[in-house]
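These are my notebook entries on a structure that I looked up. I record what I checked, entry by entry.

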Amino acid sequence: MSEPGTGGAASALTLDGDELDAAVRAALRTGETRPARPGAAAMCLIFCQRALFKIRRDPQQVFDAVLFPVMVTLVFTFLFGGAIAGSTDRYLQFLLPGVVVLTVVMISMNTGVALNVAVSTGIDDRFRSMPIWRPAMLVGELLSDVVRYLMASVVAVLLGLLLGYRPHGGLLGVLAALAMVQVFAFSLAWVWTALGLVVDKPQTIMTLSGIGVFPLLFASNIFVATHSMPGWLQALININPVTRTVTAVRGLMAGDVTGWHIFTAFLADAVLIAVFGPLTVYLYNRER
Amino acid sequence: MAPASDLAIETSGLVKTFGETRAVDGVDLAVRPGTVQGFLGPNGAGKTTTIRVLATLLHPDSGTARVCGHDVVREAATVRSKVSLTGQFASVDEDLSGSDNLFVLARLLGYRPAQARDRSAELLTAFGLEEQADVLVKNFSGGLRRRLDVAASLVVRPDVLFLDEPTTGLDPVSRSRVWAVVRAIVDTGTTVVLTTQYLEEADRLADRIAVIDRGRIIADGTSDELKASVGANALRVRLRDPEQRETAVRVLERELGPDGELTARASRGRSPGGESAQETAGTAEQAGETAGSPGGDPAALTIRVTDGGDGKGVERATRALAELTREGVALADFTFERPSLDEVFLALTGHHAETRGKAGKKGHAAGSQGGRDGQDGS
């Protein structure tokens with residue numbers, strides 16, 4: 001077939017010199033080879049790595065993530081601890097596992113904001129027009145957040161130890177508790193990602209999730225034990241995923257966890273992912 | 001089912017609506033492999049929407065679109081493995097460095113980590129971006145960002161490359177570099193679909209140009225065909241002495257008028273709108289008409305100069321100016337103007353390109369119909 005019209009741009013080509021031209025042509029030739037496409041899991045990890053590149057470039061976000069648990073621990077322990085539990089030390093033993101969960105809940109809200117920003121830029125168009133497993137971007141972003149959850153929750157635990165928190169579950173119990181917290185945060189983040197895909201501005205997500213997150217945190221057993229509350233409220237609090245997680249984490253750290261606590265905590269995680277995972281993917285795949 | 005054709009892109013009756021707006025309103029396209037198809041039109045004409053449908057980002061409401069013989073809806077995954085998209089707004093990651101951007105794309109396309117680093121470095125060098133390897137994209141200039149954006153589409157050479165306004169907002173040097181790159185890409189066999197608001201860009205790069213307005217293709221052809229349908233360049237002269245007007249008209253008509261393909265028309269100063277509309281609708285009957293519209297500037301003359309398909313318009317105009325001097329006509333000023341996008345639009349649609357956003361829907365419906373019908377045969 002003839003290739004019409006190739007003469008028209010001659011002046012543009014000479015303007016740039018042959019050197020650039022030759023380099024571009026050589027690079028295009030290398031691009032002729034198409035390696036085998038990675039699998040879905042590998043793609044998720046590549047997107048995770050991409051998100052971690054950004055954290056490396058902007059360490060500020062990590063600092064923000066770490067500041068919050070420090071504040072909450074200090075304020076609640078020393079301001080309210082004595083009044084609630086009789087002594088600040090006794091309250092710290094109760095509160096600290098809850099603070100770890102609280103911390104990751106607060107950080108997980110950022111995931112929705114980040115996703116909202118990510119899908120509103122041109123890079124998302126590029127990804128969606130590439131032969132990529134569609135949810136990989138979402139999963140990768142969520143996985144990278146686990147790094148931030150982990151840092152913040154480790155800081156919370158270390159601070160607790162410094163202030164006199166003593167986990168009777170030992171190192172193993174603490175590690176298991178931290179693992180449980182990461183799984184919970186990963187599961188909860190799907191709620192915010194779904195939200196991040198339906199609202200138009202990042203600020204709106206902050207407002208909406210802020211409104212949603214406080215009942216979730218206060219109608220739980222993070223700050224106080226539930227036995228002094230009315231029965232209907234106890235029932236409500238008991239099905240709160242935050243409560244399920246805090247109970248299991250508290251048990252793991254204290255060394256008196258039961259199988260039922262662990263099972264219900266994971267069940268809550270599974271429900272969150274089962275509902276909001278597909279919803280998020282649907283919202284992401286829909287035309288935008 | 002229609003048999004797979006050897007066209008790179010084939011659409012038939014493509015329609016995409018957003019609420020009440022018909023962003024794409026019955027687009028038929030046939031793009032041959034290894035060519036550049038230009039989409040020329042103002043903002044909001046439907047260029048980007050068409051490209052987004054072809055790149056599988058939007059589903060058409062009706063009609064069909066095939067890329068490399070594959071349906072963009074039913075075989076979206078296959079289409080995605082054959083195309084690359086460089087969007088109108090930077091489709092690279094602002095918060096990553098130049099090198100990390102390309103690395104991530106190379107990894108996603110199947111390169112192993114070490115290979116991906118090599119590929120990233122190779123592309124950065126080829127596109128003159130070595131120094132930006134470790135700079136965050138948000139600190140790039142517009143030209144560098146565009147180059148990285150194009151490079152990002154070439155990690156694996158696509159069969160079809162979509163470039164959505166690749167040079168909007170670029171300085172002339174950056175623009176010509178992007179043009180050179182596009183040429184190199186086409187030479188390797190990739191089909192390029194490019195949208196632009198610049199007639200010159202479409203002229204330089206595109207084998208065929210589709211002029212698109214309000215979701216419809218109102219003209220489709222080679223650059224020369226399009227120009228011929230639009231009319232011509234304009235030579236505007238201003239005389240030192242209005243008394244010499246008749247001599248000037250005679251000389252200009254002699255030099256630019258009688259060879260058939262030229263239309264000489266002298267009139268009062270600057271009213272390009274009405275003229276060019278008449279020009280395309282009208283014919284050679286107007287040639288030879290000595291104007292001097294009542295109330296016009298008696299010292300100003302405008303003469304249409306067609307390129308005649310050989311790009312010789314400037315030479316003819318130069319000759320005519322020399323003849324004016326030889327005959328003793330003193331000029332105060334002269335300008336030579338190429339048809340602008342606005343004139344293309346005016347000629348083809350009867351309304352200005354710039355007023356696209358502001359003009360009420362009602363005004364348009366009546367205004368554009370004549371022009372559009374008139375151009376259907378071109």
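**Entry 1: Confidence**

I began with pLDDT, the predictor's confidence in each residue, from 0 to 100. Helices (H or I, at least four residues) and strands (E, at least two) are DSSP runs, numbered from the N terminus. This is a predicted model, in which local features need pLDDT of at least 70 and side-chain atom pairs count only at pLDDT 80 or more, while totals for chains, interfaces and linings use all residues. Residues are numbered from 1 along each chain as its sequence is written, and chains are lettered from A and ligands numbered from 1 in the order in which they are written.

I noted a mean pLDDT of 85 for chain A, with 93% of its residues at 70 or more. Over residues 1-16 of chain A, pLDDT stays under 50.

**Entry 2: Fold and dimensions**

I found twelve helices and zero strands in chain A. Its C-alpha atoms fill a box of roughly 90 × 35 × 35 Å along the principal axes. I also looked up the radius of gyration, taken over C-alpha atoms. Chain A has 24 Å, whereas a compact globule of 288 residues would have a value near 19 Å; the globule rule is 2.2 Å times the number of residues to the power 0.38.

**Entry 3: Core**

A residue is buried if 20 or more other C-beta atoms lie within 10 Å of its own, with C-beta atoms placed from the backbone. By this rule, 43% of the 288 residues of chain A count as buried. A nonpolar core is a set of buried Ala, Val, Leu, Ile, Met, Phe, Trp, Tyr and Cys residues joined through C-beta atoms within 7 Å.

The largest nonpolar core has 154 residues, and those with the most contacts inside it include A:Val101, A:Val249 and B:Leu54. Helix H5 (residues 88-119) of chain A gives the most to this core, with 17 residues.

**Entry 4: Where the chains meet**

Two residues are in contact if their C-beta atoms, placed from the backbone, lie within 7 Å. How many residues of chain A are in contact with chain B? I recorded 43 residues of chain A, in contact with 53 residues of chain B. H2(A) supplies the largest share of the side of chain A that touches chain B, nine residues.

Notes. Buried ≥ 20, exposed ≤ 12 C-beta atoms within 10 Å, placed from the backbone.
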